[in-house]
Amino acid sequence: MTTPATAPTIRPVRPEDVPAVVAMVHELADYERAPEQCHLTAEQLHAALFGSAPALFGHVAVDASDEPVGFALWFLNFSTWAGVHGIYLEDLYVRPDARGTGVGRLLLAALAAICVERGYQRLEWWMINWNPAARFYAAIGARAMDEWTPYRLAGAALRDLAARATPAPTHPAA
């Protein structure tokens, strides 16, 4: 853990951070052994974060020179049982040189603080099963949700199901 004098600053992503965050997303894809699956561009991320109705939010950890060394990209989810929103952490990444310095903990703490401040009851994420960060997550009190099985519908299966959708009825003008 770094000392407070050298600890990174956590702040919301700014437009000028977008290229660094996109680069780190691609670094994450490489780390997760799937670089060919990552197609994110700066234009896409900028639109998602700063468009007219953003549904994606982000925070960066910056060093003393205001250079991003880590990021968290997240969006709101909703628990119908609890009746409140939560945060779903899409991606958390810390550059190799900054790992072990507390950056990941600070990013997660910032999201936890948003949850508490807004009355959200959950901060959730998925992690690839071989990631050594599992020990870190357990150390901060996170627990694996192994009773739930994630599902994904994508590609041709997504298009095939969409083709079966019933068009919404149109109502004649009154």
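These are my notebook entries on a predicted model of one protein chain.

**Entry 1: the overall layout**

I began with the secondary structure and counted five helices and five strands in the protein chain. Reading from the N terminus, I wrote the order down as β-α-α-β-β-β-α-β-α-α. I then looked up the extent of the chain: its C-alpha atoms fill a box of roughly 65 × 35 × 35 Å along the principal axes. Of the 174 residues, 32% are buried. Among contacts with a separation of 6 or more, 56% join residues 24 or more positions apart.

**Entry 2: the cores**

Next I went inside. As general background, nonpolar side chains in soluble globular proteins tend to be buried together. Which residues have the most contacts inside the largest nonpolar core? They are Ile87, Leu89, Leu92, Val103, Leu107 and Leu111, in a core of 19 residues. Strand S3 (68-79), strand S4, helix H3 (103-118) and helix H4 (133-139) each supply at least two residues of this core. H3 gives the most, with six residues.

Not counting residues up to four places away in sequence, Leu111 touches His59, Ala72, Trp74, Ile87, Leu89 and Leu123. Apart from this core I found another, of 17 residues, which includes Val21, Met24, Leu28 and Val60.

Leu28 sits in helix H1 (residues 18-31). I have it down as buried, because its relative accessibility is 7%, under the 20% cut-off. Beyond its neighbours within four places in sequence, Leu28 is in contact with Asp91, Leu92 and Tyr93. I checked Tyr93 by distance too: Leu28 and Tyr93 are 65 residues apart in sequence, yet their C-alpha atoms are 6.6 Å apart.

Asp91 made me stop. It is part of strand S4 (residues 84-94).

**Entry 3: the salt bridges**

I turned to charged pairs. In general, side chains of opposite charge can pair when their charged atoms come close. I count four salt bridges here.

One of them joins Arg11 and Asp66, at 3.3 Å from N to O. It links distant parts of the chain: Arg11 is in strand S1 (residues 9-12) and Asp66 in the loop between S2 and S3, 55 residues apart. Arg11 counts as buried at 7% relative accessibility, whereas Asp66 is partly exposed at 35%.

Asp66 also forms a salt bridge with Arg14, with the closest N and O atoms 3.6 Å apart. Arg14 lies in the loop between S1 and H1 and Asp66 in the loop between S2 and S3, so this pair ties together parts 52 residues apart in sequence. Arg14 is partly exposed, at 35% relative accessibility.

Then I looked at Arg95 and Glu27, whose side chains meet at 2.9 Å, N to O. Arg95 is in the loop between S4 and H3 and Glu27 in helix H1, so parts 68 residues apart in sequence are tied together. Both ends are partly exposed: Arg95 has a relative accessible area of 23%, and Glu27 has 27%. Finally, I noted that salt bridges with shared partners join Arg11, Arg14, Asp17 and Asp66 into one network.

**Entry 4: backbone and surface**

Most residues other than glycine have a negative phi. Asp66 turned up again, with a positive phi near 65 degrees. Arg33 also has a positive phi, near 65 degrees. Arg33 lies in the loop between H1 and helix H2 (42-50). Is Arg33 buried or exposed? It is exposed, with a relative accessible area of 61%.

My last stop was the surface. Leu153, Leu158 and Leu161 form a nonpolar patch there, with about 270 Å² of accessible area together. Leu161 belongs to helix H5 (residues 155-163).

Notes. Residues are numbered from 1 along each chain as its sequence is written. This is a predicted model: local features need pLDDT of at least 70, side-chain atom pairs count only at pLDDT 80 or more; totals for chains, interfaces and linings use all residues. Side-chain values use heavy atoms; hydrogens and water are left out. Helices (H or I, at least four residues) and strands (E, at least two) are DSSP runs, numbered from the N terminus. Patches are made of residues with over 30% relative accessible area and no salt bridge: like charges are joined within 9 Å, nonpolar side chains (Val, Leu, Ile, Met, Phe, Trp, Tyr) within 5 Å. Accessible areas come from the Shrake-Rupley method with a 1.4 Å probe; for residues, only the protein chains shown count as cover. A nonpolar core is a set of buried Ala, Val, Leu, Ile, Met, Phe, Trp, Tyr and Cys residues joined through side-chain atoms within 4.5 Å. Buried means under 20% relative accessible area, exposed over 50%, partly exposed in between (1.4 Å probe, protein chains only). Contact means heavy atoms within 4.5 Å.
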